[in-house]
Amino acid sequence: MSTRTPNRPTTKKPVQNSANRRRDSAPGNRSAWLRHHRDCASQSLMRLLRSPVSSALTWLVIAISLTLPTLFYLALSSLQAQTEQWQEGGQITLYLEQGLPDSDGDRLTRELDARPEVARAYYISADEAWTSFQETLSINRQALGFTDNPLPASIVVVPSQQNSSQLEALQLIIRGLPEVEDVQLDLAWIDRLNRFLELIYSIVTGLAVLLGVAVLLVVGNTIRLAIESRKDEIRVIKLLGATEAFVRRPFVYLGIWYGLLGGVAAWILVTAVAWWLRSPLTAFLSTYGLEANVAWLGFTDTLVLILASIGVSLAGAHIALQRHLKDAEPR
Amino acid sequence: MIHFDQVSKRYEGGHEALSSISLHIEKGEMVFLTGHSGAGKSTLLKLITRIEKASSGQLRVNGQILNRLRRSQIPHFRRNLGIVHQDHQLLMDQTVYDNVALPLIIAGEHPKDVTRRVRAALDKVGLLEREEYRPIQLSGGEQQRVGIARAVVKKPAILLADEPTGNLDPGLSRDIMELFSEFNRVGTTVLIASHDLGLIARLNYRVASLQDGKLMSTPFEGRRT
């Protein structure tokens, strides 16, 4: 055996102990902490990449679970963008008293336009109405047997808020105006559409929550297996004085990596599906005379998707650590 | 350094592994702990490393009363202990260097110091040229020496060993014990659990003997350096 003669002082001195103390209380703990974070981050990623197939199973499940609600969300926001165009149809037409001067009509229009619940209001004078009526029918007033213009002036009001109670309030105000002879509204279908969208939104939210729980469970199970396979190592390092945070750190980073990979993969899947559906959707909508408005995930949406993925994965990792780390106490 | 005062340990179900142990090991002492398997040697070591908690009595190690130690204080307390296991407990997927570096990494030592101190520890156990090997590529005796290097790399105040020569032949066992003596000579308090009575007798240190959870002989004062 090649044991070399160590340094042997003749008198016993507590040299090591004081040196030890000094080192423990030395500054630079923060840099050690940062160093360990950096090391854990890179080592967890290496571990993950060293078994690409089994880790891919986990982040693909995350990706698919996130893709479904994200696609629904995308469809919903496309639909909402579409209905904003349609809400032109949700307008209120105010027929003014016969013979009301155009200046009064203009003033009233400006007043209505200034109201917060009104997106837009425009004035159609009696003459304009009459001209457009004749143009539509391609005949002139003599042929109709009218000498005077029988049509009243009108104001078209496009409400800004489409919440049904607010619409009703606006309607009451308009009916109370003295210059208004009659009001015609076309709001019931808007109301129905909004209720339908609310229903879809609830379904998507429910689905997102369910699939979020699925991600939580998948990551939790993956981290549990990782803890299980490194149980002996955890026992050893705990006995060597590792703190709870030190032991948890590599697994927390594993969760972050799974979340990040799953989130990025989900973004790719969503974008691919949206691209895939774009031309059939355009073709379908054009048969209704509608312009396809396929939404893409914007920067904020992408960020939210990836952060949500990381957040849920982190939560899964924490649950697994909470439940299974205590099985790895030194024996 | 290690003070047992009327310490008992009862496990759930009523089995009393240690009863009323009083044992005082002074700073810089080297003591052997003997007894048949099941006599309570491992339990006694587990109390010192705070893997187990005493049921009654007071245990003071390195100035700290272990029963009053909070959970969050345990890791920091353990950093002052060097522990050698019978089955060395090395991480098989890491190199010898990484294994020995582990206590320093856990304590957050600077990488520059880590390299220097790991080399010093490996040099001391004669395995400097093996630092890039995996434990699996080493012999049993060499693995145990890596375990010892890991235990002493942080220059702990107390070195504990549980049957460190249990799996080794007599020649290697003597070398390992000589290594412990060397650490003791530079001031480390050493407690070794072993049932190798022949080897212990030749070494002439104080011996504490356990039988059925009781401390039998009043241990004589052994050679002190």
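Trainee: How many helices and strands are there in chain B?
Mentor: Chain B has seven helices and 10 strands. Both are DSSP runs numbered from the N terminus: helices are H or I with at least four residues, strands are E with at least two. Before we go on, this is a predicted model, where local features need pLDDT of at least 70 and side-chain atom pairs count only at pLDDT 80 or more, while totals for chains, interfaces and linings use all residues. Residues are numbered from 1 along each chain as its sequence is written, chains are lettered from A and ligands numbered from 1 in the order in which they are written, and side-chain values use heavy atoms, leaving out hydrogens and water.

Trainee: Got it. What share of chain B is buried?
Mentor: Of its 225 residues, 58% count as buried. Buried means under 20% relative accessible area, exposed is over 50%, and partly exposed lies in between (1.4 Å probe, protein chains only).

Trainee: And what about the surface of chain B?
Mentor: The accessible surface is about 9,300 Å², with 47% of that belonging to carbon and sulfur atoms. Such areas come from the Shrake-Rupley method with a 1.4 Å probe, and for residues only the protein chains shown count as cover.

Trainee: Switching topic: how many salt bridges are there over all chains?
Mentor: A search of the whole structure gives 18. A salt bridge here is a side-chain nitrogen of Lys or Arg within 4 Å of a carboxyl oxygen of Asp or Glu.

Trainee: Which residue does E111(A) pair with?
Mentor: Its partner is R107(A), at 3.1 Å from N to O.

Trainee: What does E16(B) bridge to?
Mentor: To R10(B), with the closest N and O atoms 2.9 Å apart. E16(B) is partly exposed at 33%, and R10(B) is partly exposed at 40%.

Trainee: Which residues do shared partners join into one network?
Mentor: Salt bridges with shared partners link K238(A), E244(A), E329(A) and R71(B).
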